[in-house]
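Visitor: I'd like to learn how to read a model like this one. Could you walk me through it, feature by feature?

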Amino acid sequence: MFELSHQALFWVQAIGFVSMAIGWWANAQSCDAKLVSGNLLASSLTAVHLGLLGSTLGMMNQLLNIGRFGSCRSEKARSGWRITLLPLLFSALALIQGFIWAEHWSEWCAVAAAVLMSYALFYCSSLRLRYAMLLSNILNLMLSVHLLSWSGIAYQLITIAIILKGLPAVKQQSYALDSTA
């Protein structure tokens with residue numbers, strides 16, 4: 001592991017804060033496309049942030065998120081053989097990461113969150129997607145609490161609050177779409 005200068009560490013942390021802000025913005029969106037695209041960008045920046053800080057597991061988990069968020073955006077990925085294969089592939093990769101690096105039950109909560117999102121991003125939309133993301137954030141909060149990661153705890157708690165606050169608008173939007181169909 002290498003050591004960063006104070007100036008370099010400042011910029012690495014800045015990337016993390018920008019990623020956090022983008023993630024919060026993304027999770028506040030009622031449009032699924034913006035939710036997914038924003039989380040794709042946030043995961044990309046978080047992968048860079050964690051990689052520069054020397055967290056291989058964190059970086060690999062975010063790279064898996066990039067793959068999930070990136071591939072679930074196309075209609076092609078949500079049909080045919082891809083809708084079966086891609087969630088299974090992403091789930092298997094999350095489990096492999098767990099078997100390689102997980103040492104505590106809370107790390108398995110993060111693996112469970114990754115498996116959940118591997119399926120939710122391909123099979124859920126609107127309200128169900130928000131509920132899956134809510135559960136995923138609760139599971140990831142367990143790891144942040146175990147690690148005493150104040151930024152992780154803050155991110156997860158604020159994200160949970162943002163999702164909960166946005167649920168009524170997403171419900172309203174879902175009901176409006178259902179009544180017009």
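Guide: Let's begin with R130, which sits in helix α6 (residues 126-147); helices here are DSSP runs of H or I with at least four residues, strands are E runs of at least two, and both are numbered from the N terminus. Before we go on: this is a predicted model, where local features need pLDDT of at least 70, side-chain atom pairs count only at pLDDT 80 or more, and totals for chains, interfaces and linings use all residues. Residues are numbered from 1 along each chain as its sequence is written, and side-chain values use heavy atoms, with hydrogens and water left out.

Visitor: Is R130 buried or exposed?

Guide: R130 is buried, because its relative accessibility is 3%. The cut-offs are under 20% relative accessible area for buried, over 50% for exposed and partly exposed in between, with a 1.4 Å probe and protein chains only.

Visitor: Which residues is R130 in contact with?

Guide: Contact means heavy atoms within 4.5 Å. Setting aside neighbours within four places in sequence, R130 touches Q29, S30, C31, D32, L35, I163, L167 and V170.

Visitor: How many salt bridges does a search of the whole structure find?

Guide: The general idea is that side chains of opposite charge can pair when their charged atoms come close. The test is a side-chain nitrogen of Lys or Arg within 4 Å of a carboxyl oxygen of Asp or Glu. The search turns up one salt bridge, and its partners are R130 and D32, at 2.5 Å from N to O. R130 belongs to helix α6 and D32 to helix α2, so the pair ties together parts that are 98 residues apart in sequence. D32 is partly exposed, at 24% relative accessible area.

Visitor: What about empty space? What is the volume of the largest pocket?

Guide: Rolling a probe the size of a water molecule over the atoms shows where empty space is left. The largest pocket has a volume of about 1,300 Å³. On a 1 Å grid over the protein atoms alone, a pocket is an open set of points where a 1.4 Å probe fits, with protein on both sides within 12 Å along at least five of seven lines; lining residues have an atom within 4 Å of a point. Grid points are joined across faces, edges and corners, and the volume is the space filled by probe spheres set on them. The lining has 46 residues, with T46, L50, N61, Q62 and Q156 nearest the centre. Among the helices that each supply at least two lining residues are α1 (6-27), α2 (32-53) and α7 (150-180).
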